[in-house]
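Please look over the sequence and the structure shown here before reading the report.

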Amino acid sequence: DIQMTQSPSSVSASVGDRVTFTCRASQGISNWLAWYQQKPRRAPKLLIYATSTLQGGVPSRFSGSRSGTDFNLTISSLQPEDVATYYCQQANSFPATFGPGTEVHIK
Amino acid sequence: QVQLQQWGAGLLKPSETLSLTCAVYGGSFSDYYWTWIRQSPGKGLEWIGEINHSGSTNSSPSLKGRITISADTSKSQFSLKLTSVTAADTAVYYCTRGGSSYYRYYFDHWGQGTLVTVSS
């Protein structure tokens, strides 16, 4: 199975800050990567797929990119409702696998 | 508006069979992959298995031999059965919709989740 790692495990930032966190796969996955947002006691929500394509209805402050083997999720201006855990997931090969998540907190 | 609603027993004893069903409301049942994912504190989010409208299934090698995924297309429902459960199967189980074909591993709709606890 492809192993997914994420860093940092937790980030604390102020409202309005630009926040970026990273995901890496143990093998090449091309651009087959998704990002999910999970709020407490809720199911994960698909934010971005194919590395950088925004799912319908997701605010434009969220964006995804790739730099070499690193995949990044950026929140351009952090909002209070963005407090959540963010997971990356590879969609390149069977079985789909998820990273351990990055928790986002407001300072 | 696509909605997934799931149900099933939440408390099991070791060696019993986990059984969950997910109903799909809105949208087409035949164009997508229907997937089960579970989440536990120890293992995080874990893809369990999938089924498509023609009944073709795939499941996690780690659960091989214990898992059955089936679908009733007339009701737009799909189900999960996991036999011989242990405490390691304790998790929140989600039903999800994967995309069609190459996008099957992008999960854009999720059920509300069912906490399944295995305890004697």
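The report below takes up the interface between the chains, then the nonpolar cores, and then one serine.

## Interface between chain A and chain B

This is a predicted model, and the values that follow are computed from it. The size of an interface is often given as the accessible area lost when the parts come together. Chain A and chain B bury about 1,600 Å² between them, and 69% of that area is on carbon and sulfur atoms. On the side of chain A, the residues that lose the most area to chain B are A:Trp32, A:Phe94 and A:Phe98, which together account for 33% of what that side buries. The contact draws on 21 residues from chain A and 17 residues from chain B.

## The side of chain A that touches chain B

Three strands of chain A, namely β4 (33-38), β5 (45-49) and β9 (84-90), are the elements that give two or more residues to the side touching chain B. Of these, β4(A) gives the most, with 4 residues. Sorted by class, this side of chain A has 15 nonpolar, 5 polar and 1 charged residues.

## Nonpolar cores

The largest nonpolar core has 24 residues, and the members that touch the most other members are B:Leu18, B:Trp36, B:Phe78, B:Leu80 and B:Tyr93. The elements that give two or more residues to this core are, in chain B, β3 (18-25), β4 (33-40), β5 (44-52), β7 (67-72), β8 (77-82), β9 (91-98) and β11 (114-118). The largest share, 4 residues, comes from β3(B).

Is B:Ser79 buried or exposed? B:Ser79 is classed as buried because its relative accessible area is 19%, and the cut-off for buried is under 20%.

The side chain of B:Ser79 is joined to that of B:Thr21 by a polar contact of 3.1 Å. When residues up to four places away in sequence are not counted, B:Ser79 touches B:Leu20, B:Thr21, B:Trp36, B:Thr68, B:Ile69 and B:Ser70. One of these neighbours, B:Trp36, is also among the residues of the largest nonpolar core that touch the most other members.

Definitions and conventions:
Residues numbered from 1 in each chain as written. Chains lettered and ligands numbered in written order. Predicted model: local features only at pLDDT ≥ 70, side-chain atom pairs only at ≥ 80, totals over all residues. Heavy atoms only, no water. Contact = heavy atoms within 4.5 Å. Buried area = accessible area lost by both parts, 1.4 Å probe. Nonpolar A, V, L, I, M, F, W, Y, C, P; charged D, E, K, R; others polar. Core = buried A, V, L, I, M, F, W, Y, C linked by side-chain atoms within 4.5 Å. Buried < 20%, exposed > 50% of the residue type's maximum accessible area, 1.4 Å probe, protein only. Polar contact = N/O pair within 3.5 Å; in protein donor to acceptor, adjacent residues only side chain to side chain.
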